[in-house]
Each structure stands twice: as structure tokens, then as C-alpha cells.
Amino acid sequence: MAKRISDESVMKSTGKTWSEWFSILNKAGAKKMDHKEIAEMIYNNYKISGWWSQMVTVQYEQEVKGRKLHETTSGFQISKSKTLPFSMAKVFSAVQSSSKRKIWLKDPDFKISKAIKNKSIRGKWMDGKTNIEFQFYSKDKNRTQLVVQLNKINSSKEAEKLKKYWEMNLKILQDKLSKTEK
């Protein structure tokens, strides 16, 4: 299980501790509600932000309902992010081009289904079932944040493996792009 946000932080932001939230949710019948119903109930009844409504819901589902780390209603999901010291065009090209992916990515032959230049790339991962998405965010002229997200992953174990895989491959991407600048 992921490390939970502290009681102090949740109290400061929501006005309640984790045990208070879990008690409220149990009394409201949240054990029989799905994720969306719980989050909406918290948001509508307690007037906390959407982000905190989601955090309280996820923590409740993990600790009370037995939801596993990275688990969603459609399998498991992970994301990995890295800010790279390169232009958006350079980072986008390194991901979109299959010949450039071969330089930095261990498994470069996933299927791209949609690409919006310098914004996003979507497709299917190597297993043909897992969705993959790359999001590109300009931090300034020469820095780009790349976010890789995979969902519909079959298991918690596979999700953890993919999280490590992408952490390693994003470091390789940065190293390879650095060498092309010299």
C-alpha cells in the first residue's frame, strides 16, 4: 500500500482525520458504493475540493474496501513523469518516431492510434490490451514535461513492473537526447 497522506494534512485540508472520514463513509453506506458515488457524495455533502474528494475516496477504498495500489474499475493504472531539458518538438519526435524510439526504449513497437503534435500520443502497449498515453507539457522554451500513463493493466504486480520500466526508460531517453545535443 502506498504511504498515506498524514492525518495532519487531511485534517488541515478537509477538517477531518482519516478515522473520522472512514467512520462517516461507513455510516453513509460507502462499502456498497462505487468509486464515483463515494467521491460525488463527499464532494456534494462536505464541500471539499474535487482533488480531496478523490483522495479521501481512494484512501477509504484501499484501507476499508481492500482496493489495491494502482487499481481502478478497469484494471490497474500507472503513470510516470519526467521533466526533460529539451524542446517540446524534440521530445515529441523522440516518442512519436518508431526509429527514434528504438534508440531509447526497450520495447519500441507499441501501436500508436492517435497523435496530436506536441500535445499527446495514444495507443496500445505491447500486449495489445493495455492503453498507453503520452502527454507533453511545455515548462519553458527548452524544458518539457513528459507524462506516460498506462491503464487496463492486468495485475498489481504488472503495474509495479511497468512503473519501474518507465522510470528507467525515461532516464535513458534523457541520456540519449543529451548525447545528440553534443
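## First stop: Gln145

Select Gln145, which lies in strand β6 (residues 143-153); strands (E, at least two residues) and helices (H or I, at least four) are DSSP runs numbered from the N terminus. You are looking at a predicted model, where local features need pLDDT of at least 70, side-chain atom pairs count only at pLDDT 80 or more, and totals for chains, interfaces and linings use all residues. Residues are numbered from 1 along each chain as its sequence is written, and side-chain values use heavy atoms, leaving out hydrogens and water.

Is Gln145 buried or exposed? With a relative accessible area of 18%, Gln145 is buried, because buried means under 20%, exposed over 50% and partly exposed in between (1.4 Å probe, protein chains only).

Now show its side-chain partners. A polar contact of 2.7 Å joins Gln145 to the side chain of Ser81, and another, of 3.5 Å, joins the side chains of Gln145 and Lys139. Such a contact is a pair of N or O atoms within 3.5 Å; within protein, one must be able to donate a hydrogen and the other to accept it, and residues adjacent in sequence count only if both atoms are side-chain atoms. Leaving aside residues up to four places away in sequence, Gln145 also touches others (heavy atoms within 4.5 Å), including Lys82, Thr83 and Tyr137.

## Second stop: the rings

Next, select Trp104, Phe110, Trp125, Phe134, Tyr165 and Trp166, which form one aromatic cluster. Rings of Phe, Tyr and Trp (its six-membered ring) pair if their centres lie within 6.5 Å; planes under 30 degrees apart count as stacked, over 60 as edge-to-face and the rest as tilted.

The whole structure holds twelve aromatic pairs. One of them, Phe110 with Trp125, is tilted, at 5.8 Å centre to centre and 35 degrees between the planes. Both Phe110 and Trp125 are buried.

Turn to Phe134 and Trp166: their ring centres are 5.7 Å apart and their planes at 75 degrees, so this pair is edge-to-face. It links distant parts of the chain, with Phe134 in strand β5 and Trp166 in helix α7 (residues 156-181), 32 residues apart.

## Last stop: the whole chain

Zoom out to seven helices and six strands. Buried residues make up 36% of the 182 residues in the chain.
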